[in-house]
Amino acid sequence: MDTTALVSSDQDALPLASTVQASTVQASTIPASTVHGSLVAGSPAAALPVPHLPGTRHPRVLSIAGSDPSGGAGIQADIKAISAHGGYAMAAITALTAQNTRGVREIHVPDVGFLRAQLEAISEDISIDAVKIGMLGTAEVMSAVGQWLAATRPPVVVLDPVMVATSGDTLMAPEARNAMLSLLSLAHLVTPNIPELGVLLGKPAASSWDEAVQQGKELAAEHQIRVLVKGGHLASRKCPDALVSADGTVHEFMGTRIDTPNTHGTGCSLSAALATLMPQLNDWPRSVARAKAWLARALETSAELAVGHGSGPVNHLSELWATAAPHADSFSQELWADCAEQRAAIASLDFISELAAGTLARRHFAYYLAQDALYLGTYSRVLARASALAPTEAEQKFWAGGAQNCLEVEVSLHRDWLSQYPLEREHDAAGLLEGGQGAGLMQGPVTKHYVDHLQGVAFSGSYGEVVAAVLPCYWLYAEVGRMLHTEYLAFEGEHPYGAWLQTYASEEFAKATETAIAILDNAARSGSVRERAGMKAAFAHSAAYEVDFFAAPHLHAPAPQDTQSD
Ligand SMILES: Nc1ncnc2c1ncn2[C@@H]1O[C@H](COP(=O)(O)OP(=O)(O)OP(=O)(O)O)[C@@H](O)[C@H]1O
Ligand SMILES: Cc1ncc(CO)c(N)n1
């Protein structure tokens, strides 16, 4: 065949990698099936009984199509569309194309014997619930696929008679038309676009929707097949499709044309989606309605992908990503990166370096302990609020456990530490300390602002926001703990704050932090854009207060008194 026929005229400077041989499917070469009972070669698949539902939640769908390395059409699109609909995707490659969003440059059709080997390897081992057929390219390939279909008789076969790419480049040798016609009756559904419909009928392409539906009826009647006429190529604001049965019944699906250049692979994606939906729904009109609605969403959100400079791909996985956002797992990482400045600020605080070196003044340490005890009382209540808002029992328990721990740590701070590191006496006299063991300590300004912020979020924030507000206390504390513990281990001699620093090395606390981070990511994943913004703000405020909290002892601790050791 004329190899230039496979590529567009504006690409003809680029050679084809292989010379493609034409051959025609001979009806006599298609063996009668022994797989599905009494079916015989050539009996129109559309007239066959309704396919059985698969014995798995994930229909095993085979795409027999060409490869589009840019990922928007061909087997790459099919795999995404099948996966998007819950199917298990398989792919036997008929041809390799060198194409992008602008056009097709080269086509290489491997030895057809190898395609046969691929198909046989699959069907000899795996129960196939549906087959989607895309680019076949040559008559020889069509013949091989026809023979395999006739022998295997998959319960659902959707044939997209690919002839021309969205870019206008040719994907089927013109002389392969007859071979394509021979394949039609082996499919349960044939999905031509308007130009392909014309070619199959040997007529000019329809110039109106009514004419296209009329042509669909002619093709369905002539071959006794079910046809989905696609309106993507109409020059209209509407984008209808029509399901036409062999008996002439027409089921129209109205659609609004989505204003986007990203229509590369719409036909591939639609037919792969149909092949996956049909084994699940067992109803063609319902399958078409579902696939069309999905494709509309994939077209609407296609710009998000920002792939290429021509006609880009549709966003096959947009629905999946809306609930399992691609960046959701890294939302926590984003927050972590956003608070790099705060982390650096904490690391360079005198409080931290002096604590690590053992030179921290007792009064600074005492102030820190007292404020921590005060803080934990409120923090515990905010964790209890997270528990109340939690969507799952596991998360409810996690936060409730955290709330209880805080109270226990608060008690131990008073019992074990504040008694050893009491605040200055005249501050006690000034009312900063009321009662023994530091009960009724007065909140310093930072503690007050921090707990006000936490309480504000707890009062009016969403679950995600409450989680984001409480997370810096876990995460930054764990980070400070890791840092201090490393320094403590390297300390020579007896560290004056050794007993305290050892408590920082808690494995359990590190685990709890990981869980809290995972919960945050989960909440971010199911949250709206607005909620995620709220979460960011809540986290950033808390992170800033964490810095202030560690800085506070040097700024707000009572001045040293003559009798106090310092
Ligand atoms: N801009 C659009 N807005 C909404 N739906 C569209 C748009 N373009 C195509 N479609 C839909 O996409 C599906 C494929 O139609 P189309 O006629 O474009 O097939 P095709 O030419 O085989 O596709 P391909 O681009 O893969 O060659 C149909 O359901 C059609 O209605
Ligand atoms: C491989 C391949 N199949 C089909 C199409 C039709 O969109 C394409 N562009 N590329």
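**Helices and ligand shells: a chat**

Visitor: Hi! How do helix 17 and helix 19 run, roughly parallel or roughly antiparallel to each other?

Guide: Helix 17 and helix 19 are roughly antiparallel to each other. Keep in mind that this is a predicted model.

Visitor: What's the angle between helix 17 and helix 19, and how far apart are their axes?

Guide: Helix 17, residues 463–490, packs with helix 19, residues 507–526, at an angle of about 150 degrees. Their axes are 9 Å apart. Angles over 145 degrees count as roughly antiparallel, which is why the pair gets that description. As for handedness, helix 17 passes helix 19 in a left-handed crossing.

Visitor: Which residues make the contact?

Guide: On helix 17 they include Tyr463, Gly464, Leu471 and Trp475. From helix 19, Phe509, Thr513, Ile517 and Leu520 are among them. By class, this contact of helix 17 with helix 19 has 16 nonpolar residues, three polar ones and no charged ones.

Visitor: And helix 12 with helix 20, at what angle do they cross?

Guide: The axes of helix 12 (residues 350–357) and helix 20 (residues 529–556) cross at roughly 85 degrees, coming within 8 Å. Helix 12 and helix 20 are therefore roughly perpendicular to each other.

Visitor: What meets what there, between helix 12 and helix 20?

Guide: Helix 12 brings Asp350, Phe351 and Ile352, and these meet Phe550, Ala551, Pro553 and His554 of helix 20. That contact divides into five nonpolar residues, one polar and one charged.

Visitor: Let me step back. How many helices and strands does the protein chain have?

Guide: The protein chain has 20 helices and nine strands. It has 566 residues, and 47% of them are buried.

Visitor: New topic: the ligands. What is around ligand 1?

Guide: Ligand 1 is surrounded by 23 residues, the closest being Asn193, Lys230, Gly232, Thr266 and Gly267. Helix 7 (266–281) and helix 8 (284–300) each supply at least two residues of this shell. By class, the shell has nine nonpolar, ten polar and four charged residues.

Visitor: And which residues come nearest to ligand 2?

Guide: Gly66, Ala73, Gly74, Met135 and Ala165 come nearest, out of 16 residues around ligand 2. Strand 1 (60–67) and helix 7 are the elements that give two or more residues to that shell.

Visitor: Which element gives the largest share of the shell around ligand 2?

Guide: Strand 1 does, with three residues. The shell around ligand 2 divides into seven nonpolar, eight polar and one charged.

Terms used:
Residues are numbered from 1 along each chain as its sequence is written. Chains are lettered from A and ligands numbered from 1 in the order in which they are written. This is a predicted model: local features need pLDDT of at least 70, side-chain atom pairs count only at pLDDT 80 or more; totals for chains, interfaces and linings use all residues. Helices (H or I, at least four residues) and strands (E, at least two) are DSSP runs, numbered from the N terminus. A residue is buried if 20 or more other C-beta atoms lie within 10 Å of its own, exposed if 12 or fewer, and partly exposed in between; C-beta atoms are placed from the backbone. A residue is near a molecule or strand if its C-beta atom, placed from the backbone, lies within 6 Å of it. Ala, Val, Leu, Ile, Met, Phe, Trp, Tyr, Cys and Pro count as nonpolar, Asp, Glu, Lys and Arg as charged, and the others, Gly among them, as polar. Axes are lines fitted to C-alpha atoms, for helices over the stretch in contact, and angles run from 0 to 180 degrees between N-to-C directions. Angles under 35 degrees count as roughly parallel, over 145 as roughly antiparallel, 65 to 115 as roughly perpendicular and the rest as oblique. A crossing is left-handed if the near helix is turned anticlockwise from the far one by less than a right angle, and right-handed if clockwise. Two residues are in contact if their C-beta atoms, placed from the backbone, lie within 7 Å.
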